[in-house]
Amino acid sequence: MTRFSELMSGQTLLPIIQADSSEQGVNIAKAMSKAGLNLVEVVLRTEASLEALSAIKSEVPSLIVGAGTVINEEILSAAIEVGSDFIVTPAVSSSLLNALEACQIPVLPGVSNTADILMTLEAGFTEQKLFPASLSGGAPFLKAVSSVFRDVTFCPTGGVNQLNKTDYLSLPNVFAVGGTWVAKKEWVSEGNWDAITQSCIAANA
């Protein structure tokens with residue numbers, strides 16, 4: 001199976017889309033695509049999220065579009081049903097990991113401590129998301145665990161921004177960073193799609 005990092009194809013930013021409507025989601029996605037990004041994550045935090053994910057795949061076919069905030073098997077099935085290209089979770093449990101192991105698309109499971117990392121590694125996942133990164137030890141934590149979990153690489157999200165992203169990306173066990181700072185709520189509300197494009201260009205530089 002394709003690894004999540006292979007889907008990223010050198011992209012160091014995992015841009016997160018939170019949309020209140022499918023139209024809003026499509027506009028955010030188009031702005032991100034205009035910045036040269038090839039992959040985006042739609043977090044399933046609003047009632048319109050699944051519809052937005054489906055609409056993005058239809059209207060911006062060049063993008064690889066995945067689902068985030070997957071916390072149980074029911075949400076996982078719904079995300080796969082609408083055509084999600086990959087799955088991202090904020091956390092893990094034994095039952096969720098069992099479902100993810102059977103998943104036929106790339107998965108990035110969320111961890112927040114060493115116990116999570118070990119449990120997720122035992123399930124066969126060597127690429128993991130540290131979340132919330134800033135509250136889980138941040139870059140110092142990832143540096144500390146690198147010698148213990150030598151086969152695991154991370155994509156930290158949560159508290160990552162333009163100012164501290166280099167702290168993470170400079171670590172050999174970090175392949176990308178994720179965040180919502182590239183699509184601020186006020187920009188979305190104002191329809192300032194160019195601000196999102198410019199922010200994504202800067203963040204993925």
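Visitor: How much accessible surface does the chain have, and what share of it belongs to carbon and sulfur atoms?

Guide: Bear in mind that this is a predicted model. The accessible surface of the chain comes to about 9,100 Å², and 50% of that area belongs to carbon and sulfur atoms.

Visitor: What does the radius of gyration say about the chain?

Guide: The idea is to set the value beside that of a compact globule, which for 205 residues would be near 17 Å; the chain has 16 Å, so the two agree. Taken along the principal axes, the box filled by the C-alpha atoms is roughly 45 × 35 × 25 Å.

Visitor: Which secondary structure elements make up the chain, and how many of its residues count as buried?

Guide: The chain has 10 helices and nine strands. A residue is called buried when its relative accessible area is under 20%, and 52% of the 205 residues count as such.

Visitor: Which residues of helix α6 are buried?

Guide: In α6, which spans residues 114-122, the buried residues are Asp 116, Ile 117 and Thr 120. When one looks down the axis of α6, these buried residues fall within an arc of 100°, and therefore they line one face of the helix.

Visitor: What lies on the face of α6 turned away from its buried side, and what covers the buried residues?

Guide: The face turned away carries the exposed residues Ala 115 and Glu 122. The cover over the buried residues of α6 includes the helices α5 (94-101) and α7 (138-145), together with the strands β6 (110-111), β7 (127-130) and β8 (153-154).

Notes. Residues are numbered from 1 along each chain as its sequence is written. This is a predicted model: local features need pLDDT of at least 70, side-chain atom pairs count only at pLDDT 80 or more; totals for chains, interfaces and linings use all residues. Side-chain values use heavy atoms; hydrogens and water are left out. Helices (H or I, at least four residues) and strands (E, at least two) are DSSP runs, numbered from the N terminus. The radius of gyration is taken over C-alpha atoms; the globule rule is 2.2 Å times the number of residues to the power 0.38. Buried means under 20% relative accessible area, exposed over 50%, partly exposed in between (1.4 Å probe, protein chains only). Accessible areas come from the Shrake-Rupley method with a 1.4 Å probe; for residues, only the protein chains shown count as cover. The arc is that of the directions from the helix axis to the C-beta atoms. Contact means heavy atoms within 4.5 Å.
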